[in-house]
Amino acid sequence: MGSNMAECHPVGFQWVMEAKQRGARVIHVDPRFTRTSAHADQYVRIRAGTDIAFLGGVINHILGNDLDFREYVQAYTNAAFLVREEFADTEDLDGLFSGYEPGRARYDSSSWGYEGAGHHPTRPMESGMGGPPIDMPARIAEDPTLQHPRCVFQILKRHFSRYTPEMVERICGVPQDRFLEVCRAWTANSGRDRTAALVYSVGWTQHTVGAQNIRAGAIVQLLLGNVGRPGGGVYALRGHANIQGSTDIPTLFDLLPGYLPMPDADRHPDLAAYLDAMRARGQKGYWQGADAYLISLLKEWFGDAATPENDFGYGWLPRINGDHGTYRTTMDMIDGRVFGYLVMGQNPAVGSANGRLQRLGLANLDWLVVRDLTMLETATFWKDAPEIETGEIVPEQCRTEVFFLPAASHVEKAGTFTQTQRMLQWREKAVDPVGDQRSDAWFFHQLHCRIRDRLTDSTDPRDEPLQRLAWDYRLEGSGAHEEPDPDDVLRHINGLDLTTGRTVDGAAQLRADGTTACGCWQYCGVYAHEQNQAAHRKPHDEQGPYDPAWGWTWPGNRRVLYNRASADPDGRPWSERKKLLWWDPAAGRWTGYDVPDFPATTPPGHVPPEGARGPEALRGDDPFIMQGDGKGWLFAPQGLCDGPLPTHYEPHESPMRNPLYGQQSNPTRRVYPRPENPYNPSPPEAHGEVFPFVLTAARLTEHHTAGAMSRQLPHLSELQPELFVEVSPELARMRGLTHLGVAHVVTSRSAVEARVYVTDRMAPLRLDGRVVHQVWLPYHWGPTGLVTGDVVNDLLGVVADPNVLIQESKVATCDIRRGPRPHGAQPTGRLDSLRARAGGPAVAGTTSGTAVPREMP
Amino acid sequence: MTSDAVTRELAEPPDALARANGYDEPPPRVGFFTDTSVCIGCKACEVACKEWNDVPDDGLDLLGMSFDNTGMLGANSWRHVAFVEQRRPAGQQGDGWALLDEMTAEVEPRLRAAPRGGSELGTTPLPTAPGGAVQDLGMPTFTRPGDGTGAETRTDFRWLMESDVCKHCTHAGCLDVCPTGALFRTEFGTVVVQQDICNGCGYCVSGCPYGVIDRSPLDGRAHKCTLCYDRLHDGLTPACAKACPTESIQFGDLDELRERADRRLADLHQQGVEEAQLYGRDPGDGVGGHGSLFLLLDDPEVYGMPPAPVVPTRYAPQIWRRVGAAAGAFALAAIGAFVSAAVGNRP
Amino acid sequence: MSELPENAAPPAEARSYYGRPVIKAPVWEWPVPAYLFTGGLAAGTAVLAAGADVVGAGRLRRACWLGSFGALLSSIVLLVADLGRPERFHHMLRVAKPTSPMSMGTWLLTAFGPGVAAAAIWELLPERWRSSWPARLLRTVSRGVGLASAATAPGVATYTAALLSQTAVPGWQEVREELPFVFAGSAAASGGGFGMVAAPPSEAGPARAFAAIGAAGELVASQVMERRMGLIREVYHHGAAGRRRRGADLLTAAGLAGTVLAAPRSRIGAAVSGIALLAGSALQRFGVFEAGVESTKDPRYVVVPQRQALEAAGRDRAVSG
Amino acid sequence: MTKPTGRLHRWLDSWPVYRQLTGPDRTGRGAAAQSPRSRQLHARTSAAEPPARSVCPYCAVGCAQLVYTKDGRVTQIEGDPASPISRGRLCPKGSASLQLVTGPQREQRVRYRAPYATEWSDLPLDTAMDMIADRMLDARRRGWQDTDADGSVLRRTMGIAGLGGATTDNEENYLFKKLWTAMGAVQIENQARI
C-alpha cells in the first residue's frame, strides 16, 4: 500500500517476484493500476488519502473476528495496559481525542497516558525519534485477559468498531467483497507458521495523516504478529540513495545525529534539562543512554573544548522553537527573512510542493549556492522559471546572486550511503573529478577553513563554537583538492575511546563522562575493531541467508529489528519454518541467524531487578527495546501530536465529507495560508465542485524525482519523453479529452499542461452514492533538460502532517480541461477567477478554524 | 512441437548450428529466454543494452502506446519493451476481446500516416491522424463503472509487458540475404552484423520476418542485437540479461533454456495460466526455432510479433525455379524474336 | 474486380500491437525500382544487340549495345546510390552466397557487365580507328564477351524477381510464382521498345517481335498474378501502387498494339510504341515495388496469412491425429 | 619459395570467397564471412583496471555497482553480482549511471550569476569559495538571534538555510550538520521531508 515498488524500486521488487514464484500472495492497494499492480495477485483500487479507513477496516475485521495472533499480542504489545480514565476517544468526541485545544489546533496529550505512568507532553519536533519519555511505575496497570474496558485492546476495538466493510466501501470506494478478500488473505498469513510483510513508500507518508498511516499499518502487523519475524515487518521503501542516512545523520532541523532532538529553546535550556527530558524515571530501553550519546557527540564536535565544566559545549548549540521546516523557511525567504541558501543535490524549484512558492523564495534571496552534477531549475530559475512568463520574476530585477558549483559524482568520491533497510555500504572512489567538480566533503572542508581563518581573531562569543570546532580529520589530496578522508570521518562517526584512541565497537561502550567521542551513536560499530565494516563485500553465495558480512546495518549489524519477537515468550521459535533467533538453554544464550537485538545472555524469562532503568530494565520478553515499556504500541500513549490511534480524516483537499466523524480533516494539520499558497475548498465548505477530481502525483521508473539525474540523459529521456496526465475513459468522455491530446490540470495554485493518456488503468470509483474520478501525473519535468515540461508540483499546496511536517503531496483536488493551459500573464488572472468561483478571497483556503499554524518567534 | 522436430532436436548436438557454419570445436549455442510473465516493464534491458553497446537514443517522442515510447525494435533499439493493456483478467482465458480500445484507436491511424508505416517509430513523433481523432468507438459498453458495487465493477484488467529482442533464428532471413557477409553466424550460434563490413544495402531489413533489423539513418549501416558478441568472448552475460531485475531475461545455453522454458510453461499451466505459450521454442517452425525464446501470455501478434513467420530462404528453391523458367522464356523469346523476324523478312 | 476470389482471406480483424507494423518497411527508395527497370532494360537490349550482331543488323546492334551499356551504367549508379555506405560497394564481392539473391545478382552483373562494356566501347570507337589492329582485336574479343553477356542477360532480367520475392515483404513474397515472368516480360518489352525507338523499323523487326512477346507475356503474367493474390491484392489495387500498375497495364497494352499495328510501318509509330513500352515497364516496376512497401505497413498482411496457415496446420494435425 | 606462397595464401585467405571454396563454410554464412575484427572482439571491461566497488546513486535500494575504468576514465558501470541486495541487477536508471557520470550534461566549471544579470559568467572556484564564505558570515550575522521574546536562549541565525543530503554521503552530511550547527544555523532540511 502506498508504494509502487515495481516501478520505484525495481531491483528490490525481484524479491517480491521471487516470493510470488514460491507461492506468496501479492496484494497491491493503490489509487492507480501500476506496474506493481500488474504483477499482484490482487489489485485493489482505493481513493487516494483513505488508507487509514482501509487499514482501520482491517483492524476491525481482525478484532471483530478474533483473528489476532493472541499469544504474540498478549506478550509483546501493550494491548493489556490500561489507559487513564480521562482518556476520551474519537467515538466519544466526534472525531477528536481528549485534550484538544481548538484555539491552538493542538492536543494536550496528558490524558492519553497509561494509568499510573508519568507524563510528558508531546509537542511536535521536540523529542527526536524516541518521543517524550514515559515515567514508568514499577508495573503498569494491566489486564492480561484484555477484557478491561480501559485496556488498550478494548480501546482499539471500540475505536475501530465503525470501520466496517460498508464504511470502507463508502470512504475508499473498495467493493466490500474485494476488501474482505484482502482481509482474509492478510489474516491467513499470521500466526506461528505464517507471516505477511507490509510495504509502503511516500504514498503513505506524504499526507496530513502521514505518520498515522504508518501507525495503522504497524497496528495491523502487531495484531497479526508480523513484526520482528522473518517474512514480516513494515518496510519503508525510501526514494534516494542516502535518504535513510540523511535522516540518521540528519540534515534536518529538528534532529541531532542518531535521532537525538535538537535543543529546544523552552524545554532544553541546559544540558541537565535536555537529558532530563530524554530520560524519565524508570523508563526502559536504550534511550536511557541518551546522556552518553549526546555527550559523546559534543566531544566529537568540540574536542578538548568540551568539558564537564562547560556542559561539554552544550551551550554552543543553537536552539529551535517551532517549525523551521523547508516550507516555513521558503516562506521566510519570500518575506525577506532569509538571506542565503545552500542547495546540494536537490531541486526544490521542481521537486517541492508548490513550486511557485519555492521559486518566489529563491528570487528573494541575497545569494544562492547550488551544488549539483548538472544545471537544474533551482539554479536557473532567474531565467527560465514559469514566473518569467507571468511577469512575477523579472531577470533584470531579480537580485539573487547565484553560485553554481559542479559536484563530484558517486564514483568520484568514496563514502557510505545508507540504503532503505538501514545498511551502510562503502563506495570506493573510481576516478578523480575533473575541472571544478568537487565532493561535498571538499566544499564543507574548504568552507570551514575559510570561515575559521576569517574568525581567528574574533572575540565575539557567538564565534566560539566555530573557533573550537574539532576539525582534525585526516586529509587526502593536495592543494586545491585537499579534503577530509571520508574513511576517517566515518571512523569519527563510529566513535573513539579517547582514553585509548581506538574505535569503540558499539553504543554500549559510550560513556557520559567525556571519555568517548562519537558522531552518531546509532552508527557505533560501523568502524568496530578499527575496520570499516561498511566496506565488507562477502558475496551472498558465500554466506548465509542474512548475509552479515555484506555492508553494515544499524544498529549493531542486526538485520531484523526487534528480533526477540521472532521467538515465543519462552524463547522457542514460533515455528520451524519461521525461526530466526532462539534461546539455547544448554549454552545459556540466544542463537540463530541474526545478531540479537538485546544482550545475548538475557534469558527469555528474565525479570529485571527493582529500580532498574534503561536496557537493564527490559524483561526477557520485551522485544521493543527502544520503547519506554518494551512493548509494541498498538496505542501510542506518547509521541504523536494528532492522537494515540490512527483515525480516518479526509485529506485537506477532498471531494467529500468525512462519513465517520464531524471532524473533516486532521484537526492538528499544519496549514500555511498566504497569497502564494491558496487552498481548494473542501466540504463542509461550499464550492468544492469547482475542483471535483482527486489529484495525485507519482514517479515513473524511467525518471528520478525532480529529474536532474534523468531528464538530461538521452537513454532515460527517450523512454518517457513528455509529461502526461492519465485519465479513465469515462473521465475522458466527460471532459472531452482524447488520447494524446493536450489538456491542463488546474488547482487554485496553478495550471499544468500535459498530454492526455486515456487508459483503463485509471477507473472511477463509486463511493458514498457518487462517482469519484482520480487523475494522476508524473512529476519529473521542468523547463530544462533534454525533455521539458510543466512542473507538476506547482499544482500542489503546502499543508503538512503535524508530527513530521511532511507535506500532503499525494492527494489534492483539481479539475482537468482539454486544450493547452493559458499562457503569458493570463494564468494568474484565470486562476483568480477560478478561485473566486471557489469562494471568497484567494487566500482564504480552508476555513477550518481548528487548524492554525504555530506562531513563529 | 511435432514429434519429428523433437527427434531432430534430440539428435542435434548443441553446437550443431555453429559446426554447420564452418566452426571447429565451437561452444554450445547460446540464447535468451524472455519470460514475460515476470517482466515488470522497467526497461532496464533497453538502457543496459544501449550503455554497453553505445547505441544512440531513438528520438524523444511520446508514442501513446501505454508506457512504450520505443515503438519497436530497430537500428537504435535492440531491446524493446512492449506494453499491452487488456480488459481481461490475468491468469484466465478471456473470450476474445475486440481489441479496438481507445489507445489503439488513436495510435493506429497515426501510425498509418507515419513514414515507413511507423517502422522508424521513436525517431519521429506520430503525425496527427488524417481525419482527426476517433472519439467514441462504440466499443462494447459496460455498466457504468462504479455503478455496481460487487464483482461486476471494472477491475478485470491486465497489463502485459514483454521485452522483445532479435530472435537469433536458426534459419535467419537477414543473414541469408546479406550480400556482403556482414551478417554472419557466430561460433555461439548467434547472428551478428559486422560493422566493419556492412555497406548498408538494406536487404536484411526486408529479409527479416520479425521486423527486427533496420538500417540506421545516422551511419547508414544495419544494426541489431549482437547478443553482446564481445562479452560472449569473455564469458560474460549479455548486458540486458545481466541487468534484468526479475530474471525475465535469462541467458544461457540454448538447450538448457529450452528445458527451463518448458518447465516454466508447465508451472504456469498448472497454476491455471492457460494462455501462457512458448514462442520460438519449436525447431520445426518456419525459422527452425529461435535462439531467443519467449514465454508469452497472449498471441505473438498482440505483442507485435508475427504468429508463424517463415524464413524467406525457404521459398528460395521455388523462387529460383520460377526465375529459371522465366529466364528461359526470356531467352526463348529473344531467339524467337529473331527467328520470327527472319521468317517475317523472308519474302 | 472488387470481389475477392474465393480462396482469398476475408478481411479478418487481426489482432495487433496498436496496429503497428510487424515487419519493417523496406529501406530502399526510388533508385531500387529504377534499377529494376534499368537492369531489365540492360538485359533486354543486350540480347537484342547480340542477336543483331549474329544476324548482322548493324544499326540495331549498335543502338542496343549502347543502350544496354547506358542502362548498365545507370544501374550501377542507382545501386551504389541506394547503399547506406556507398564507399563500401565493393564489399558485395566479399562473398558469393547462394542464399542471397542480391549476392547472386552481384555476381551475375559482374559476369554480364564487362561484355556489355567491351561491346559498347567498340561501338563507340570512331570509324577511322576501327581498322587498326588493336581495334580489330577488341572487336573479336568484344564480340565473344558480348555474346557471353547476352547469355547471362536472361538471368539479369529475371533475378530481380527473386531479389524481391525472397523477403518477408508480403506484397513481394506472395507473388513469387508469377513475378519472375512479369519481370521477364517487362524486361523484354522495354528492351524491344528501346530497339524500336533507337533503330529504324527496317532493322527493328526482332525488336518489335521481342517487345510484342514480352509485352504480351507481361500482361498475361500480371493478370495471372493478380488473380492468384489473396489479401495482398488490396495493396496492388489501391493507392499509388494501384495507379502505377493500371498505368503500366494501359501503356503496355497500348505499346503492344502499336508495336503490332503501327511500328512496322511508321518510324514515329515505332518510337511512340517503344516509349509506351518503356514507360509501361518502368511503371510496372515502380508499381510492384510500392505495393510491397505498402504491404509492410499494415500488420494484417503479415498476421492474417500466418494465422490461416497456423489454423490450417492445426486442422491438418487434427485430421491426421 | 614457400614464403611467397604463404603470403599469397594469406592474401587469398583474407578473401571470404576463397575461404568459402576451400573451407567447411561453403555457403559463406559463418566462419568464412567472419572478419578479423569480429574474431578479436572482446568486452571492454576485460581490458579495464580492477573495478571500484560502488553503490547506485538513484533510489535507496542500494544496488551494488562495479565501476570499470581505463586511463582515469569510467568506461562501464554495471551491477555487482556479489551483492545480496541486488545480485548484480540494475534498473534503467542504475543502468544509465555511465551516462550520468560521463555524459556531456555534467557541468565542469563554476557558473556565476551576478545580481540582476541575465546570463551566467565564469568565476574561479577559489574566488567563488571566498565569496561564499564572506556571504555566509554576513548572512549569519544579519540573521542572528540571541534570545526569543521570553528571553529564552536561541543562539542561532535565521539568515542562512541549507537543503540537501539524501544524495550526499553520510560523511558529507555529517560535516554539513556539524559545520551548520557550529555556525548557529538551524534551517537545514532534505528530501526526507519532501
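Helix α3(C) passes helix α4(C) in a left-handed crossing, meaning the near helix is turned anticlockwise from the far one by less than a right angle (clockwise would be right-handed). Welcome to a predicted model, in which local features need pLDDT of at least 70, side-chain atom pairs count only at pLDDT 80 or more, and totals for chains, interfaces and linings use all residues. Residues are numbered from 1 along each chain as its sequence is written, while chains are lettered from A and ligands numbered from 1 in the order in which they are written.

**Helix pair in chain C**
- The axes of α3 (residues 101-124) and α4 (residues 133-165) of chain C come within 7 Å and cross at roughly 150 degrees (lines fitted to C-alpha atoms over the stretch in contact; angles run from 0 to 180 degrees between N-to-C directions).
- Helices here are DSSP runs of H or I with at least four residues, and strands are E runs of at least two, numbered from the N terminus.

**Chain A with chain D**
- This contact takes 131 residues from chain A and 102 residues from chain D, counting residues whose C-beta atoms, placed from the backbone, lie within 7 Å.
- On the chain A side, helix α19 (residues 440-455) gives the largest share, ten residues.
- Strand β9 (residues 340-344) of chain A pairs in the parallel sense with β7 (residues 153-163) of chain D over four bridges (pairing needs at least two DSSP bridges).
- Within β7(D), Ala161(D) is the bridge partner of Tyr341(A).

**Sheet in chain A**
- Three strands form an open, antiparallel sheet in the order β17-β16-β18.
- Strand β16 (residues 496-497) of chain A is joined to β18(A) by two bridges, and Leu496(A) has Ala517(A) as its bridge partner.

Technical notes
Two residues are in contact if their C-beta atoms, placed from the backbone, lie within 7 Å.
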